[in-house]
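Reader: Could we go through this one together, slowly? I'm new to reading structures.
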Amino acid sequence: VLAQRELSTGARSVSERIERMFLIVTLRVPTARVLEILCARYERNVEVYRRQPEAALALIRAGESAVPEALDAGELAALTTVASVLLNLDEVITRE
């Protein structure tokens, strides 16, 4: 849902979307290096999901939330993998 919301908010760059997701989840701005790593992950995955649309659809259809048909399945799947990384960061899971 986090990735879906980001894709639905307008035509921002990938790095701006990822930076906003990072801020929402961690309540801080990512370092340049962290943002670079997350963007690279997105770029690798979007290539894979565009070559394998059935895998993208399988990922984005998992769960109970409906997926708007207007969203690009490859982009959404790739951004979903980034959201998964963010939500599994130690600092997100164990807030002190």
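Reader: Is Thr81 buried or exposed?
Author: Thr81 counts as buried, because its relative accessibility is 12%, where buried means under 20% relative accessible area, exposed over 50% and partly exposed in between, with a 1.4 Å probe and protein chains only. This is a predicted model, in which local features need pLDDT of at least 70 and side-chain atom pairs count only at pLDDT 80 or more, while totals for chains, interfaces and linings use all residues. Residues are numbered from 1 along each chain as its sequence is written, and side-chain values use heavy atoms, with hydrogens and water left out.

Reader: Where is Thr81, then?
Author: Thr81 lies in helix α5, residues 73–87; helices (H or I, at least four residues) are DSSP runs, numbered from the N terminus.

Reader: And what is Thr81 in contact with?
Author: Leaving aside neighbours within four places in sequence, Thr81 is in contact with Arg41, Asn45, Tyr49 and Leu59, contact being heavy atoms within 4.5 Å.

Reader: Switching to α3, which of its residues are buried?
Author: They are Leu35, Leu38, Cys39, Tyr42, Asn45, Val46 and Tyr49. These cover an arc of only 135 degrees around the axis, which puts them on the same side of α3, the arc being that of the directions from the helix axis to the C-beta atoms.

Reader: What do those buried residues pack against?
Author: The buried residues of α3 pack against α2, α4 and α5.

Reader: Which residues are exposed on the other side of α3?
Author: Arg33, Arg44 and Arg51 are exposed there.

Definitions and conventions
Helices (H or I, at least four residues) and strands (E, at least two) are DSSP runs, numbered from the N terminus.
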